[in-house]
Amino acid sequence: MYRDLGLDLVEAENAVEAGIYRIWTRLSTGRLKVFRSLQNWLAEFRLYRRDEKGRICKERDHALDSTRYLESRFLDIAKPVPGPAPKPKTEYYTVGRGSSGGTGWMG
């Protein structure tokens, strides 16, 4: 129904353990940063945990799930935005000595 309305949808990859590992790796290496102002995301991150059997506790984790989905499919959905044409390279010329024969900027 959404595709019929013109939305460009991509199927989500729901590999939870692999996704958590990728997000953790990006966070710990500085390749994923979270703004301090994203209080809901940070609150979920602080509550993210495993139970005594090692399973992820799936409660109040919508922002983290969204982050995981985005990370898993980002390169599939990201498209470069056409920008302005690149500026021509600036060329600099060396100016010879002035009439006084000096080497300073004034000649």
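In the predicted model, T67 touches I23, L32 and W41 when residues up to four places away in sequence are not counted, contact here meaning heavy atoms within 4.5 Å. T67 is found in helix α3, which spans residues 62–77; helices are DSSP runs of H or I with at least four residues, numbered from the N terminus. With a relative accessibility of 19%, T67 counts as buried, the classes being buried for under 20% relative accessible area, exposed for over 50% and partly exposed in between (1.4 Å probe, protein chains only). The side chain of T67 also makes a polar contact of 2.8 Å with the side chain of W41, a polar contact being a pair of N or O atoms within 3.5 Å in which, within protein, one must be able to donate a hydrogen and the other to accept it, while residues adjacent in sequence count only if both atoms are side-chain atoms.

Residues are numbered from 1 along each chain as its sequence is written, and side-chain values use heavy atoms, with hydrogens and water left out. Because the model is predicted, local features need pLDDT of at least 70 and side-chain atom pairs count only at pLDDT 80 or more, whereas totals for chains, interfaces and linings use all residues.

W41, the polar partner of T67, is itself buried at 10% relative accessibility. The structure holds one aromatic pair, formed by W41 and F45, which are stacked with 5.4 Å centre to centre and 10° between the planes; rings of Phe, Tyr and Trp (its six-membered ring) pair if their centres lie within 6.5 Å, and planes under 30 degrees apart count as stacked. Because W41 and F45 are four residues apart in helix α2 (residues 39–47), about one helical turn separates them. F45, at 34% relative accessibility, counts as partly exposed.

Helix α1 (residues 16–29) and α3 have axes that come within 9 Å and cross at roughly 85°, and the two helices are therefore roughly perpendicular to each other, a class that covers angles of 65 to 115 degrees. In this contact, V16, G19, I20, R22, I23 and R26 of α1 meet T67, R68, E71 and S72 of α3.

K58 lies in the loop between α2 and α3 and is partly exposed, its relative accessible area being 47%. A polar contact of 2.8 Å joins the side chains of K58 and D61, and K58 touches D65 and R68, residues up to four places away in sequence not being counted.

Notes: Axes fitted to C-alpha atoms, helices over the stretch in contact; angles between N-to-C directions. Parallel < 35°, antiparallel > 145°, perpendicular 65-115°, else oblique. Phe/Tyr/Trp six-rings, centres within 6.5 Å; stacked < 30°, edge-to-face > 60°.
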